[in-house]
Amino acid sequence: ELMLIDTYEESSLAQILHQRPGAEVTPGDRLIHQPHHEYYSLDHGGALAPEEAGRNCLLSLPRFLTAWRRRCQKEEAFCLALCRVRQEEVSHGREFDAENGYLQQLLDTLDQKLPSQGLAGSYGSACLILYLPGTGPEEARDLLHSLPREDTEGNTYVFRAGIGYYPCLNYTRLDVAETARNALEHAELLSGNAVTVFDSLSLTVSADRHYARGDLAEAITDYQQALLLDPENHLARNSLAICHAHLGRNSRAQQEFQELLARDPNHVIALYNHGCLSLKMEQLEGAEENLQRCLELQPEQHFCLIRLGQIRERKGDFQGARDYYQRANNTPQGPRYAYKHLARLDHLHEDLRTARDNLQKAVQANPWDAEALHLMARIYLEAGEDPELVESLAKRSYSLRPDLEEPLRLLEEILISRGKQEEARHLRLGAEE
């Protein structure tokens, strides 16, 4: 069982999740990618016919899927469950296999409890896949909870299971395999024995994974589906708004934040995020209103204090901005973020000595702060400091945030001033690629 991680022009990278004893993977072996929708439609060679597949035998995954696909087309309602089992108190978790007595114990129990047309199959290592025709999700949950958690030798097992069901929203019968997998991923995040029915939170977990990989379109789809299942899923709505904001759909993002806050006016994360978005859109009054409300609920929220300082700064109230930055600086995590804003105000008012002091404190608190390093390079350049030191600071700032134009322009300026025109040209060309 392989999980493909990435593909390149001449090679690919995959992780071996499960390997049958005696089987070998060697250079030159071919892997054939079977698209999801085609895999279920294949009639795998040697697959058991529906009337031949029983409840007391463990089918291989291809045979299970072939038999399941045939049977589920006739069912108005059914469940599909994925069950992962690991032994407790054993390093890395002992995984059952065909030689493990606990597996046979599970199969004997399933033979008694599965519906007459039910199926059991192997889903990779330490995982079963079960087909429960004519069964609702709560009934399926009860069945899984009734399975033994201890073998005949007294060893106990951690049991995690996810249940997908049909009908559900606009999912097709074959889509239930994906919803069961989402439910299992949800269950894996819980402690102890856990059986999870596919729900709004399962979709949120799936969407979060898409978001972490940068696949915003898939994330948006799953967040929207999560809200169809549960409009009160504030976590999904907040994340949906963030996705729209990342894509530049600011008005749509604002609508989602407003809808969330209409349902929960004291949702601190949404208040903060809505305030930041309004600030980005230059809607200063709306931004200040949301951030002040957030601050009332969490007085030590240093990021909120900093954003309020930025609003005061944009309004020309520099003393008000300094007060907010100083309050942020007095919070436990504040020095990592607030010193650079104080330094910027000092630089703006030509108090270079204080600006340098604050920047040194900023870099001491957070050596990877690109903005602080950029401002430090700018001030040192204006003061005529050691050109090599100035260039080093500018390069470090640019390496931390190559996506920003200001560090690029400053480094380019410094290189040209030092007679390094060719390096500056390559720098600009590399940034534009």
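Are Tyr171 and Phe198 buried or exposed? Let's start there, friends. Tyr171 is buried, and Phe198 is buried as well; buried means under 20% relative accessible area, exposed means over 50%, and partly exposed is in between, with a 1.4 Å probe and protein chains only.

A quick word on what we have on screen. This is a predicted model, where local features need pLDDT of at least 70 and side-chain atom pairs count only at pLDDT 80 or more, while totals for chains, interfaces and linings use all residues. Residues are numbered from 1 along each chain as its sequence is written, and side-chain values use heavy atoms, with hydrogens and water left out.

Back to our two rings. The structure holds five aromatic pairs; rings of Phe, Tyr and Trp (its six-membered ring) pair if their centres lie within 6.5 Å, and planes under 30 degrees apart count as stacked, over 60 as edge-to-face and the rest as tilted. Tyr171 and Phe198 make an edge-to-face pair, 5.8 Å centre to centre with 80° between the planes. Tyr171 sits in the loop between β6 (157-166) and α5 (176-188), and Phe198 in the loop between β7 (194-197) and α6 (200-212), so to speak a link between distant parts of the chain, 27 residues apart. Those helices (H or I, at least four residues) and strands (E, at least two) are DSSP runs, numbered from the N terminus.

Now look at Phe303 and Tyr337. Their ring centres are 4.7 Å apart and their planes lie at 55°, so this pair is tilted. Because Phe303 is in helix α12 and Tyr337 in helix α14, the pair ties together parts that are 34 residues apart in sequence. Phe303 counts as partly exposed because its relative accessibility is 29%, and Tyr337 counts as partly exposed at 22%. There is also one aromatic cluster, formed by Trp68, Phe78, Tyr131 and Tyr166.

Next, the cores. In soluble globular proteins, nonpolar side chains tend to be buried together. A nonpolar core here is a set of buried Ala, Val, Leu, Ile, Met, Phe, Trp, Tyr and Cys residues joined through side-chain atoms within 4.5 Å. The largest one has 53 residues, and Cys304, Leu308, Ile311 and Leu359 have the most contacts inside it. Helix α16 gives the most to this core, with seven residues. A second, separate core has 40 residues, including Leu106, Ala120, Phe159 and our friend Tyr171.

Which residues does Leu308 touch, not counting those up to four places away in sequence? They are Glu288, Leu291, Gln292, Leu295 and Tyr324, where contact means heavy atoms within 4.5 Å.

Two more residues deserve a stop. His244 lies in helix α8 (residues 234-246) and counts as buried because its relative accessibility is 1%. Leaving aside neighbours within four places in sequence, His244 is in contact with Ile220, Arg249, Arg252, Ala253 and Glu256. Ser278 is in helix α10, and at 2% relative accessibility Ser278 counts as buried too. Not counting residues up to four places away in sequence, Ser278 touches Gln254, Gln283, Gly286 and Ala287. Ser278 and Asn290 are twelve residues apart in sequence, with their C-alpha atoms 8.9 Å apart in space.
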